[in-house]
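Here are my notes on the model, point by point. Please read them with the structure open.

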Amino acid sequence: MSDLQRLLKESWTLVEEQQDRLAGYFYARIFLRNPAVRDMFPMTMDVQRSRLLGAIVTAIQAVDDPERFDEYLRGLGRDHRKFQVVPEHYEVVGKALLDSLRTFARDQWTYEYDQAWRDAYDVIARKMLAGAESDCNPAWWHAEVMSHERRSRDIAVLTVRPIQQLEYRAGQYISMESPAHHPRVWRTYSVANAPRANGTMDFHVRAVGVGWLSGALVRRVTKGDMLRLAAPMGSMVLDRRSTRDIVFLAGGTGLSPIKALLDELTSFNRTRWVHLFFGARDRQDLYDLPYLQTLAEAYPWLSIVPVCSHDRGWGGEEGTVAEAAARYGPWRDHDFFVSGSPAMVKTSLRALAQMQVPHGRIRYDAFNDH
Ligand SMILES: Cc1cc2nc3c(=O)[nH]c(=O)nc-3n(C[C@H](O)[C@H](O)[C@H](O)COP(=O)(O)OP(=O)(O)OC[C@H]3O[C@@H](n4cnc5c(N)ncnc54)[C@H](O)[C@@H]3O)c2cc1C
Ligand code: HEM
């Protein structure tokens with residue numbers, strides 16, 4: 001851990017337990033200083049659900065080496081154009097962040113901590129702004145829902161068509177908003193197909209708990225509705241120069257980007273063996289299995305292993321996807337792609353480390369839920 005990261009983590013522990021109050025103070029500082037900023041956030045905004053403060057703290061603490069995260073931060077900056085963020089807002093937010101930290105850490109706050117947060121925030125903000133400035137695409141795309149299909153109680157597959165062309169790569173994700181249901185509530189979803197000539201995009205959405213957008217996308221959105229989409233992001237794309245065989249680990253709707261990558265592979269692959277371990281709690285949640293099996297019959301290089309973690313009487317592989325994959329190894333010379341909930345991604349990365357898969361060969365974009 002670098003000195004900078006140590007200072008950031010150490011100083012956050014001083015205020016961590018007061019997070020909710022700190023968040024309230026943080027937003028109050030922003031909105032007092034620039035009342036127009038309030039209109040950029042969801043209408044009913046409670047502090048526990050608010051995403052900005054948590055996102056900044058996570059980004060700052062994770063970004064030990066901002067150069068490594070260059071592409072992510074530039075993408076995030078491009079993506080922030082959907083909120084209509086301008087450079088002045090970064091100053092307001094940065095100041096509110098520092099004021100809040102100082103206020104809540106009180107006399108334990110030191111000059112070193114202050115400098116560390118300012119430096120980290122400035123580097124991140126600069127990279128995000130550079131990403132936004134260099135982007136000549138629209139800040140968002142209007143898209144029509146062409147079809148909406150319920151695949152299980154909680155899962156729907158939507159096909160949408162952006163009105164203007166939206167370029168992306170298989171494996172990437174984009175943000176989505178349903179202005180008719182939840183204005184200004186944006187969440188990220190992976191595109192489930194490689195780019196098509198007619199521009200349509202598929203999304204696999206699972207409605208989670210009392211979640212705002214996923215519930216609306218699964219249960220309320222219908223054919224003909226208009227959604228808004230924002231800039232594609234994510235690094236889970238195929239390296240076409242690699243000759244290594246591939247292992248995909250997908251949990252639940254984490255299948256979505258993997259399906260897009262399979263779609264791309266079917267257009268050129270002849271030589272790389274591809275193994276997909278697709279896991280869910282029970283059979284019902286293996287919602288796309290029939291399609292995957294048809295694909296495996298058509299392409300001899302593809303094998304599919306379905307896995308259930310909690311399904312009595314299921315005759316197939318049991319446990320987590322990573323446990324199932326370990327039974328089929330060794331996999332030391334393969335490229336890995338991991339996609340699913342944060343818990344699934346974390347467990348899989350740990351298992352892959354035990355299997356001695358080099359970290360540099362693993363691609364993932366965790367489905368975090370802040
Ligand atoms: C890179 C990436 C790709 C993704 N791709 C996909 C995908 O392809 N398909 C997919 O389905 N999802 C995907 N996700 C997840 C998706 O972005 C959303 O997080 C998910 O749909 C939940 O959004 P929501 O608005 O419905 O829930 P939110 O309103 O954000 O709530 C999230 C969770 O927190 C709980 N919660 C939050 N606040 C409260 C509160 N005040 N009281 C009680 N409970 C609360 C909710 O019950 C819920 O479980 C992806 C995420 C990432 C980061
Ligand atoms: C270091 C700077 C920043 C970082 C790392 C950051 C990061 C993020 C991330 C990761 C999200 C959640 C993902 C999403 O919903 O797309 C988010 C949400 C958001 N950000 Fe930023 N952001 C920064 C600065 C700003 C600034 C300056 C503004 C302008 C006011 C802003 C406005 C928003 C808004 C409105 C949301 C949605 C909040 C919600 O849905 O509750 N962000 N930010």
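1. Helix H2 (residues 19–33) and H5 have axes that come within 9 Å and cross at roughly 140°. That makes H2 oblique to H5; angles under 35 degrees count as roughly parallel, over 145 as roughly antiparallel, 65 to 115 as roughly perpendicular and the rest as oblique. Axes are lines fitted to C-alpha atoms, for helices over the stretch in contact, and angles run from 0 to 180 degrees between N-to-C directions. The crossing of H2 and H5 is right-handed (near helix turned clockwise from the far one by less than a right angle; left-handed if anticlockwise). H2 contributes Arg21, Leu22, Tyr25, Phe26, Arg29, Ile30 and Arg33 to the contact (heavy atoms within 4.5 Å). Residues on the H5 side include Val92, Val93, Ala96, Leu97 and Phe104. By class, this contact of H2 with H5 has 10 nonpolar, two polar and five charged residues (Ala, Val, Leu, Ile, Met, Phe, Trp, Tyr, Cys and Pro are nonpolar; Asp, Glu, Lys and Arg are charged; the others, Gly among them, are polar).

2. A word on the basis. This is a predicted model, in which local features need pLDDT of at least 70, side-chain atom pairs count only at pLDDT 80 or more, and totals for chains, interfaces and linings use all residues. Residues are numbered from 1 along each chain as its sequence is written, chains are lettered from A and ligands numbered from 1 in the order in which they are written, and side-chain values use heavy atoms, with hydrogens and water left out. Helices (H or I, at least four residues) and strands (E, at least two) are DSSP runs, numbered from the N terminus.

3. Which protein donor does the iron atom of ligand 2 have? The only one is His80 (NE2), at 2.1 Å. Donors are N, O and S atoms within 2.8 Å of the metal (3.2 Å for Na, K and Ca); water is not among the atoms, so sites may look incomplete. His80 sits in the loop between helix H4 (70–79) and helix H5 (87–105).

4. Arg106 is in the loop between H5 and helix H6 (111–133). Its phi is positive, about 50°, although Arg106 is not a glycine. A cis peptide bond joins Gly329 and Pro330, with omega about 0°. Pro330 belongs to the loop between H10 and strand E11 (335–339). Most residues other than glycine have a negative phi, and most peptide bonds are trans.

5. One open sheet has six strands in the order E4-E3-E6-E1-E2-E5, with antiparallel pairing (two strands pair if DSSP finds at least two bridges between them). Strands E4 (187–190) and E5 (201–206) are its edges. The twist averages 45° from one strand to the next. Strands E1 (residues 141–150) and E2 (residues 155–162) are joined by seven bridges. His148 is opposite Leu158 in E2.

6. Another open sheet of six strands runs E10-E9-E8-E7-E11-E12, with parallel pairing. Its edge strands are E10 (317–318) and E12 (362–364). E9 (residues 302–308) pairs with E10 over two bridges. Helix H9 (residues 289–298) lies across E8 and E9, at about 155° to E9.

7. The axes of H8 (residues 255–268) and H9 come within 12 Å and cross at roughly 20°. That makes H8 roughly parallel to H9.
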